[in-house]
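Student: I have not looked at this structure before. Could we go through a few of its parts by question and answer?

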Amino acid sequence: MRPLDLIVIALYLIGVVGIAVYFSRRQTTTEMYFVAGRSIPGWAMGLSLLATIITSVTFIAYPGAAYAGNWSLIVPGIMFVAVLGVVGTVVVPFFRRVVHMSAFEYFGSRFGIGVRLYSSFAFGIGHFSKMGFVFYLLALTLSSMTGWPIDHVIVFTAVVTILYTMIGGVEAVVWSDVIQGFVLWLGIIICIGYLLFLPPQGPHAILSDAWSHHKMSLGSTALRLDQPTIFVLAIYGFFFYLQKYTADQTVVQRYLIAKTDRSALRGIALGASLCVPVWAAFMMIGSLLWSFYRVTGEKLPASVQKADQVFPHFLVTHLQPGLGGLFIAALLGSAMAMLASDMNCLAVIGVEDFYRTARPQSTDKQRLRAGRAIVVLSGAAAASVALRLAHSQGTALSIYYTITAIVAGGLAGLFLLAFLFPRATRAGAIAGILANLVFTVWATLTLGHGGRYSFPWHEYMIGAIGHIILLVVGIAFSYLLPGGTPLYPDRTLWGWLALKKAETASLLESL
């Protein structure tokens with residue numbers, strides 16, 4: 001790294017940490033530490049959602065995926081906006097009404113404490129994997145820039161991020177995210193400009209080369225389930241983001257920190273609408289990188305062995321001193337802000353779903369202390385995942401999609417069971433969970449074996465089918481088993497619509 005780049009990175013990180021230090025003075029209760037006193041404006045919450053979704057997986061893995069193949073892996077991201085259009089206006093105000101801090105309180109109110117703990121645990125396992133990818137790709141970038149061993153970089157960044165998370169609270173995370181949003185777009189524009197105008201052949205040569213070689217294609221349109229076709233990726237994306245909106249603590253926590261229902265809806269819509277252009281821009285960077293090295297004839301060094309390493313190499317070798325540092329600083333700050341958000345949300349569920357259940361008489365001060373301890377433990381676990389990934393093969397984005405499909409836990413199916421079926425019972429939910437677990441274990445163990453009793457479709461389908469199995473089995477057992485008494489059957493879509501109708505009628509009468 002050039003000295004000016006290092007100076008820019010250092011100043012940027014000092015600024016981000018300074019924000020955390022400033023807001024740390026207010027983090028004296030769990031209400032402030034976990035939901036910021038429910039005082040965040042909608043637009044800031046929306047930019048925070050963007051930063052939560054846009055991580056180092058986006059910065060490095062999306063260009064890497066497009067460089068190695070095409071734009072097919074952006075298809076699940078398109079479903080992020082599509083699912084919001086279907087569920088957003090109902091789910092956001094509903095969760096603001098029925099939960100206090102943890103999204104999994106809702107499953108507990110419908111199906112009991114056992115189902116609540118299962119859903120919270122399943123979410124936590126999946127998020128450990130996600131955090132591990134963020135640590136890994138962050139370390140991969142730094143290692144490419146400095147030549148330091150990637151394992152050492154993972155440990156160093158984990159220590160720094162855990163310390164930052166402990167003092168910041170969700171309020172500091174949100175306002176750091178706001179800054180990240182503006183710097184993110186500045187970095188994207190600079191990089192695309194360099195890729196288009198740096199080659200002497202000009203922008204037309206780069207774009208036409210990428211287009212003619214199908215580097216901007218969304219992939220196969222075949223109706224096959226054994227390949228990562230558009231159809232398979234759309235199914236994966238629908239269920240992944242349905243789970244994101246309904247059973248993901250990082251997103252539900254964004255609902256809760258907003259001042260009002262209207263500001264929460266506007267914030268979620270803003271964040272979702274910004275995600276797809278950002279994903280597309282990073283995919284474009286990957287395609288342009290592929291054409292850049294083809295058209296110019298420039299050779300990549302032997303140290304660049306993975307597609308995920310190409311973009312970091314380009315940044316440090318072609319951007320002017322200071323600009324490369326600015327982009328890498330944005331990557332570091334974005335990753336740290338996202339990790340801080342994830343660690344904070346894991347602390348929420350650890351405290352609210354587990355610690356508070358085990359120690360119902362604990363004080364708020366004790367719960368805050370437990371939350372900070374969970375931050376440390378979750379960060380250390382994520383770093384261990386990153387160390388494992390550092391010695392794996394394949395592009396990070398494809399590995400990430402595979403793992404998230406397998407460890408989805410059926411939570412989207414569980415939400416549909418709880419929300420759409422008033423007669424759903426605890427026994428039905430437990431039966432659905434067990435059926436999903438049996439299916440997931442079988443499909444994962446037999447995947448790719450090719451035998452008669454092996455899972456025949458692509459690994460991205462495992463999570464989607466698991467959600468459906470949980471829902472269908474849950475409905476069957478709820479309706480067929482005698483004696484089951486539904487808990488809070490009014491906490492469903494139908495109960496919510498009846499409540500809103502009654503509120504509207506009351507308002508009209510008062511006028």
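Student: Which hand does the crossing of H8 and H15 have?

Tutor: This is a predicted model. Helix H8 covers residues 150–197 and helix H15 covers residues 364–389. Their crossing is right-handed.

Student: How do H8 and H15 run relative to each other, roughly parallel or roughly antiparallel?

Tutor: The axes of H8 and H15 are 9 Å apart, and the packing angle is about 160°. Angles over 145 degrees count as roughly antiparallel. H8 and H15 are therefore roughly antiparallel.

Student: How many nonpolar residues does the contact of H8 with H15 have?

Tutor: From H8, the residues that meet H15 include Ile154, Ala158, Ile162 and Met166. On the H15 side, Val375, Val376, Ala380 and Leu387 are among them. By class, the contact of H8 with H15 has two charged residues, two polar ones, and nonpolar residues numbering 11.

Student: Is helix H13 largely enclosed by the rest of the structure, or largely exposed?

Tutor: H13 spans residues 310–318. Its buried residues are Val310, Phe311, Pro312, His313, Phe314, Leu315 and His318. Since seven of the nine residues of H13 are buried, the helix is largely enclosed.

Student: Is Ser478 buried or exposed?

Tutor: Ser478 is found in helix H19, residues 461–480. Its relative accessible area is 5%. Buried means under 20%, so Ser478 is buried.

Student: Which residue has its backbone oxygen 2.7 Å from a polar atom of the Ser478 side chain?

Tutor: The side chain of Ser478 has a polar atom 3.0 Å from the backbone nitrogen of Thr425. Thr425 is also one of the residues that Ser478 touches, along with Arg423, Ala424 and Gly428, not counting residues up to four places away in sequence. The backbone oxygen at 2.7 Å belongs to Gly474.

Student: Is Trp457 buried, partly exposed or exposed?

Tutor: Trp457 sits in the loop between helix H18 (426–446) and H19. Its relative accessibility is 36%.

Student: How far apart in space are Trp457 and Ala443, C-alpha to C-alpha?

Tutor: Leaving aside neighbours within four places in sequence, Trp457 is in contact with Leu225, Asp226, Leu447 and Ile465. Trp457 and Ala443 are 14 residues apart in sequence. In space, their C-alpha to C-alpha distance is 9.2 Å.

Terms used
Residues numbered from 1 in each chain as written. Predicted model: local features only at pLDDT ≥ 70, side-chain atom pairs only at ≥ 80, totals over all residues. Heavy atoms only, no water. Buried < 20%, exposed > 50% of the residue type's maximum accessible area, 1.4 Å probe, protein only. Helix = DSSP H or I, 4+ residues; strand = E, 2+ residues; numbered from the N terminus. Axes fitted to C-alpha atoms, helices over the stretch in contact; angles between N-to-C directions. Parallel < 35°, antiparallel > 145°, perpendicular 65-115°, else oblique. Left-handed = near helix turned anticlockwise from the far one by under 90°. Contact = heavy atoms within 4.5 Å. Nonpolar A, V, L, I, M, F, W, Y, C, P; charged D, E, K, R; others polar. Polar contact = N/O pair within 3.5 Å; in protein donor to acceptor, adjacent residues only side chain to side chain.
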